[in-house]
Amino acid sequence: MGVIWWLSAQPHTPGPSLEHPKDWAAHFTAYLALAFCLARATGRRSAALLIAAWFGALDEVHQAFVPPREAGVQDWLFDVAGAWLGTRLAVRSAPVAPPEGAGVHAT
């Protein structure tokens, strides 16, 4: 979260300029990684997604105050999409237990 915030505070991000759709891929990837870490830390998809989505919205507001950066709903939607996938990759559903007696053969 600190790295995302720090990058958002820069007037120009390091490296080559990222125009649409490349910057959306960067948003997606950054929030995928953030949500993956949050989900692994909490073990809860919903909590991780909520925190990442909230932070993405807060970061977009933050960027609105950094000249010449701009905030955008589309950027936030890519943040949330990346976060959603990150939570899914981090916390898999628990395997379904076989019904009682399955696999047990009477002799």
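User: How much space lies in the largest pocket?

Analyst: About 800 Å³ of space lies in it. This is a predicted model, in which local features need pLDDT of at least 70 and side-chain atom pairs count only at pLDDT 80 or more, while totals for chains, interfaces and linings use all residues. Residues are numbered from 1 along each chain as its sequence is written, and side-chain values use heavy atoms, with hydrogens and water left out.

User: What makes a residue part of the lining, and which are closest to the centre of the largest pocket?

Analyst: A pocket is an open set of points on a 1 Å grid, where a 1.4 Å probe fits and protein lies on both sides within 12 Å along at least five of seven lines; a lining residue has an atom within 4 Å of a point. Here 30 residues line the largest pocket, and Thr13, Asp23, His27, Gln63 and Arg69 are the closest to its centre. Helices α1 (2–8), α2, α3 (45–64) and α4 each give two or more residues to the lining. The most come from α2, with 6 residues. By class, the lining has 13 nonpolar, 10 polar and 7 charged residues.

User: Why are α2 and α4 called oblique?

Analyst: The axes of α2 (residues 22–42) and α4 (residues 73–90) cross at roughly 40 degrees and come within 6 Å. That angle makes α2 oblique to α4, because oblique is what remains after under 35 degrees (roughly parallel), over 145 (roughly antiparallel) and 65 to 115 (roughly perpendicular). The crossing of α2 past α4 is right-handed.

User: What makes the contact of α2 with α4?

Analyst: Contact means heavy atoms within 4.5 Å. On α2, the residues include Trp24, His27, Phe28, Tyr31 and Phe36, and on α4 they include Phe78, Ala81, Gly82, Leu85 and Leu89. The residues of this contact divide into 13 nonpolar, 5 polar and 4 charged.

User: What is the orientation of α3 to α4, and how do you know?

Analyst: The angle between α3 and α4 is about 160 degrees, with axes 9 Å apart. That makes α3 roughly antiparallel to α4. α3 also passes α4 in a right-handed crossing. Arg45, Leu49 and Glu60 are among the α3 residues in the contact, and Trp76, Val80, Trp84 and Arg88 are among those of α4. By class, the contact divides into 9 nonpolar, 2 polar and 5 charged residues.

User: Which residues does a cis peptide bond join, and where is Pro68?

Analyst: The cis bond joins Pro67 and Pro68, with omega about -5 degrees. Pro68 is in the loop between α3 and α4.

Key:
Axes fitted to C-alpha atoms, helices over the stretch in contact; angles between N-to-C directions. Helix = DSSP H or I, 4+ residues; strand = E, 2+ residues; numbered from the N terminus. Left-handed = near helix turned anticlockwise from the far one by under 90°. Nonpolar A, V, L, I, M, F, W, Y, C, P; charged D, E, K, R; others polar. Points joined across faces, edges and corners; volume = space filled by probe spheres on them.
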